[in-house]
Amino acid sequence: MTTATARVYTVEEFAALPEGLLLGHSSWHEVPQSRIDLFAEVTGDHQWIHTDPAAAAAGPFGTTVAHGFLTLSLLPLLTSEVYDVSGVSAAVNHRVDKVRFRSPVPAGARVRARVVLLSVRPRPQGFTEAVIRVVIELEDGGTACTCEQTTLYRAGFPRPTVHHHEKGTTHGH
């Protein structure tokens, strides 16, 4: 698998980009049945359409499909291949808006993200808010999911230094 190389921006560079700019596309990632099964285990959502290949073969999609929230949970993986904001001490997922599940993701399908910058603006307490539109595309040309993701970035103070001691204790300075 080829992994896309993220474009790295400082907060100032990111804020100077024009609204509506296509930041790029991630590489393609397969969504195998094993990932769907792990997601079902973590969330407790074992609905047959996700986890029972025999029953799903006779169902509306002819195969098992990924949970919508599994598709959405791929945002960090996919967007991190498109862009990164450097020189920040914190990057906080603030919210995800306008989520739409457009098409199912069949087990074994490949998806990627198309990422568009919607806005960047200063926020209180030294944060910068960035809003991106993410379209999770299916390799066959369909759209699995669309959303707007808001991330808060904070620059201006150093990350804590963490030391690991022999007995497994951790101290921040």
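Let's start with V105: beyond its neighbours within four places in sequence, V105 is in contact with V31, T64, V65, A66, T71, V111, L138 and A144 (contact means heavy atoms within 4.5 Å). This is a predicted model, where local features need pLDDT of at least 70 and side-chain atom pairs count only at pLDDT 80 or more, while totals for chains, interfaces and linings use all residues. Residues are numbered from 1 along each chain as its sequence is written, and side-chain values use heavy atoms, with hydrogens and water left out.

V105 is also among the residues with the most contacts inside the largest nonpolar core, which has 33 residues; F14, L23, V31, Y83, I136 and Y153 are the others. Such a core is a set of buried Ala, Val, Leu, Ile, Met, Phe, Trp, Tyr and Cys residues joined through side-chain atoms within 4.5 Å; buried means under 20% relative accessible area with a 1.4 Å probe, protein chains only.

S27 sits in the loop between strand 2 (22-25) and strand 3 (29-30), and is buried, with a relative accessible area of 8%. Strands here are DSSP runs of E, at least two residues, and helices are runs of H or I, at least four.

| Partner side chain | Distance |
|---|---|
| H29 | 3.3 Å |
| E81 | 2.6 Å |

A polar contact is a pair of N or O atoms within 3.5 Å; within protein, one must be able to donate a hydrogen and the other to accept it, and residues adjacent in sequence count only if both atoms are side-chain atoms.

E81 belongs to the loop between helix 6 and strand 4.

Conventions:
Buried < 20%, exposed > 50% of the residue type's maximum accessible area, 1.4 Å probe, protein only.
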